[in-house]
Amino acid sequence: MTTCIQDVYAARYGVDFRPIDFCDLTAVAAACEDGVSAFFVETPTNPMMKVSDIQALADIAHEHNALLIVDNTFLTCYYQRPLELGADLVVYSGTKYLCGHNDVVCGFVVIRDETLLERVFMDYLSEGDALGPFEAWLMLRSLKTMPLRLDAQQERALSIASFLKNHPHVCQVHYVGDPDHPHYDLSCRQSSGFGAMISFTTDTRERAEQVLERVRVITFAESLGGVESLITYPMVQTHGSVPHEIREKLGISETLLRLSVGVENLDDLIADLKQALA
Ligand SMILES: *Cc1c(COP(=O)(O)O)cnc(C)c1O
């Protein structure tokens, strides 16, 4: 039996949490009626790339004296600035784009309010983890090239998304930089870029597995955001601990693959996908 990780931590810390669709603002407002202390939203979401309106969520949260926490890992502060849109806390997996080389595991919390900052800092000092000096140095060094990396990754992602959209064995492509993406206008309004995360479905489960076996330039591995392109199978990897019914509802099916586009030569990347999908 698979255990939902969220349930384990909810019980351990006495937190009652409920997943909601942040794209549905009516449902968000309705959820507040039961008393909510914070919203935790990831936008774009992993791996379905749904985008929610940060400013509208901040307004709803604040009307109900709740905090808005945004996981900004996918777009980073280079493309999206949630504090300026009204969020109270912004969290990052620094492991991904901020570090960008698949060689450090770390995280960041950015907090607007001084009192809240002091509280979180006390928790950090008493029970938090500390980054080792070498990793901290790698991180600082990586930040210097973050905009260059992200722009190069995004440029490749735009081309790869359109290649995938036109491929006969690909059914759906989810990329926020695709003008046909249902939240494209919202993305253009609240972010200055689209990032380089793409998910797509293949025609059959066999084809999805074949892609994972055949890729050579792209690596079949978890994680994302680095200069090396990585492809993952969300159903069995990142979302393996999510109950089946919830996965189905979200669209995390047996044909869904997630691609984190790196900075390799674009022609090599497309040729790799072409041979893997053939
Ligand atoms: C990877 C990831 C996390 C977890 O970060 P770690 O650095 O692996 O602990 C959280 N949120 C998002 C969106 C991620 O991609």
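1. Start with a helix pair: H9 passes H11 in a right-handed crossing (right-handed if the near helix is turned clockwise from the far one by less than a right angle, left-handed if anticlockwise). Helices here are DSSP runs of H or I with at least four residues, numbered from the N terminus.

2. A word on what you're looking at: this is a predicted model, where local features need pLDDT of at least 70, side-chain atom pairs count only at pLDDT 80 or more, and totals for chains, interfaces and linings use all residues. Residues are numbered from 1 along each chain as its sequence is written, and side-chain values use heavy atoms, with hydrogens and water left out.

3. Back to that pair: the axes of H9 (residues 205–214) and H11 (residues 266–277) come within 8 Å and cross at roughly 135 degrees. That makes H9 oblique to H11.

4. Helices H2 (residues 25–32) and H3 (residues 54–63) pack at about 20 degrees, axes 10 Å apart. They are therefore roughly parallel (angles under 35 degrees). Their crossing is right-handed.

5. Now the ligand. Around it sit Glu42, Asp71, Thr73, Phe74, Ser93, Thr95, Lys96, Cys106 and Leu224 (each with a heavy atom within 4 Å). This shell divides into three nonpolar, three polar and three charged residues.

6. Which atom of the ligand is 2.7 Å from an N or O atom in the side chain of Asp71? A nitrogen atom. On the oxygen side, a polar side-chain atom of Ser93 lies 2.6 Å from a ligand oxygen, and one of Thr95 lies 2.5 Å from a ligand oxygen. The protein covers 61% of the 380 Å² of accessible area that the ligand has on its own (Shrake-Rupley method, 1.4 Å probe).

Definitions and conventions. A polar contact is a pair of N or O atoms within 3.5 Å; within protein, one must be able to donate a hydrogen and the other to accept it, and residues adjacent in sequence count only if both atoms are side-chain atoms. Ala, Val, Leu, Ile, Met, Phe, Trp, Tyr, Cys and Pro count as nonpolar, Asp, Glu, Lys and Arg as charged, and the others, Gly among them, as polar. Axes are lines fitted to C-alpha atoms, for helices over the stretch in contact, and angles run from 0 to 180 degrees between N-to-C directions. Helices (H or I, at least four residues) and strands (E, at least two) are DSSP runs, numbered from the N terminus. Angles under 35 degrees count as roughly parallel, over 145 as roughly antiparallel, 65 to 115 as roughly perpendicular and the rest as oblique.
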